[in-house]
Amino acid sequence: MFDAGDTSFIIICTALVLLMTPGLALFYGGLGRRKNMVSNMMNSAFIMGMGIVLYMLVGYSLSFGDDILNFIGSLKNVGLMGITKDSLTKSIPTFAFIAFQMMFALITPAIITGSIAGRMRFKALFLFIALWSIFVYYPLAHMVWGDGGLIGGVIGALDFAGGDVVHISSGTTGLILAILIGRRVDYMQISYRIHNVPFVFLGMGLLLFGWFGFNAGSALAASGLAAHAFMTTAISAAAGMLMWIFIDVMKQGKATLIGACTGVIAGLVGITPAAGFVDMWAALIIGVTVSPVCYCGIALIKRVFKIDDALDAFGCHGIGGIWGGILTGVFVNPAINGGQPGLIYGKVSQFFAQIEGIFITFVMVTVGTLLCAGIVSIFTPLRVDRKEELVGLDISEHGESAYPSFTGLD
């Protein structure tokens, strides 16, 4: 039955999630180098156009259409055919549900771009994101959230707001692309300096603001569960920030604003799969533990394996999403929102379901990413040439600069 309150709530949450993509553009833009500011922001910006059109054409149907082999939705609703203003999903108009899910389909591929910042050709990225959305994101969303999906329906793995679908998928894809494309030309030779710390803080603030819609809205109703998810999100983000500050002080002797911002994001990523399934004290533990796990993961990737995950998409989102998914299986309390009791309650079935779901996500995303990258490379090189990279992608790929010299002319 239609509920006006639920509908209003979901529409507001949809707008909040939309805000996350330009927030990510500012976050990545500030983290990157001055000569790639426009490029890093454009990598998120174009997805706002492509993602909405693709989701309308095939994304919703492939994600939430009638199940095919527990893997993907049918083409029943291509172009949103068969859906009217009177169609309902639970207590809200189906169009409101589609709009909400569509915003997830924007922010997810935008996260990927952090790993390849400063060296991937825009044409290649444009084609890759289109293919990746169709062959990886939409099937994965169906497998986790669609009726009859392999991960959520058959295995029974829990993912409240996108641990598998958003963070593990985007982080893993970013890592694979970083390996395929290779390191920046001067990687490990010079010290990269974050060029705009205030932009990073502003981007983090917008992401945090939008994340409340991201997690609370996943309850799909203005309900106690939405309020519960809101609170677990706030607690984990705060704990993640404080823990990263503590790590900074212990390692460097000083608290850094970049560290605080990164800790917030890590805390948000960690709680995303668990937000509607765990108690408040468990959210605190997730936030406290996800920051050191991500911190060590970033160091391992960059210093040991020497993989140039430029803006730490895998280090933060991939590792944080995996950790959050595992701890969901440890702490899930079925009294909150169903599922099997977690590991701390003496039951192992949900914990193993979480592990299996994460493994399937990783394998599916890896195969899909390699396939999409291979197709794109037939038509265009994935990477810019050395001269274009040294000049900076703002000029070489987009013909504009974020900081043009003032000449006194308009």
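I started with Trp132 and Tyr137: both are buried (under 20% relative accessible area with a 1.4 Å probe, protein chains only; exposed is over 50%, partly exposed in between). This is a predicted model, where local features need pLDDT of at least 70, side-chain atom pairs count only at pLDDT 80 or more, and totals for chains, interfaces and linings use all residues. Residues are numbered from 1 along each chain as its sequence is written, and side-chain values use heavy atoms, leaving out hydrogens and water.

Next I searched the whole structure for aromatic pairs and got 18. Rings of Phe, Tyr and Trp (its six-membered ring) pair if their centres lie within 6.5 Å; planes under 30 degrees apart are stacked, over 60 edge-to-face, the rest tilted. Trp132 and Tyr137 make a tilted pair, 6.4 Å centre to centre with 35 degrees between the planes. Phe160 and Phe277 pair edge-to-face at 5.6 Å and 90 degrees. Phe160 sits in the loop between helix 5 (150-155) and helix 6, and Phe277 in the loop between helix 9 (257-271) and helix 10 (280-304), so their pair ties together parts 117 residues apart in sequence. Helices here are DSSP runs (H or I, at least four residues), numbered from the N terminus. I found both Phe160 and Phe277 buried. I also noted a cluster linked by ring pairs: Phe100, Phe104, Trp145, Trp211 and Phe214.

Then I checked for disulfides (cysteine sulfur pairs within 2.5 Å) and found 0 in the whole structure. Cys294 is buried at 0% relative accessible area.

Methods. Helices (H or I, at least four residues) and strands (E, at least two) are DSSP runs, numbered from the N terminus.
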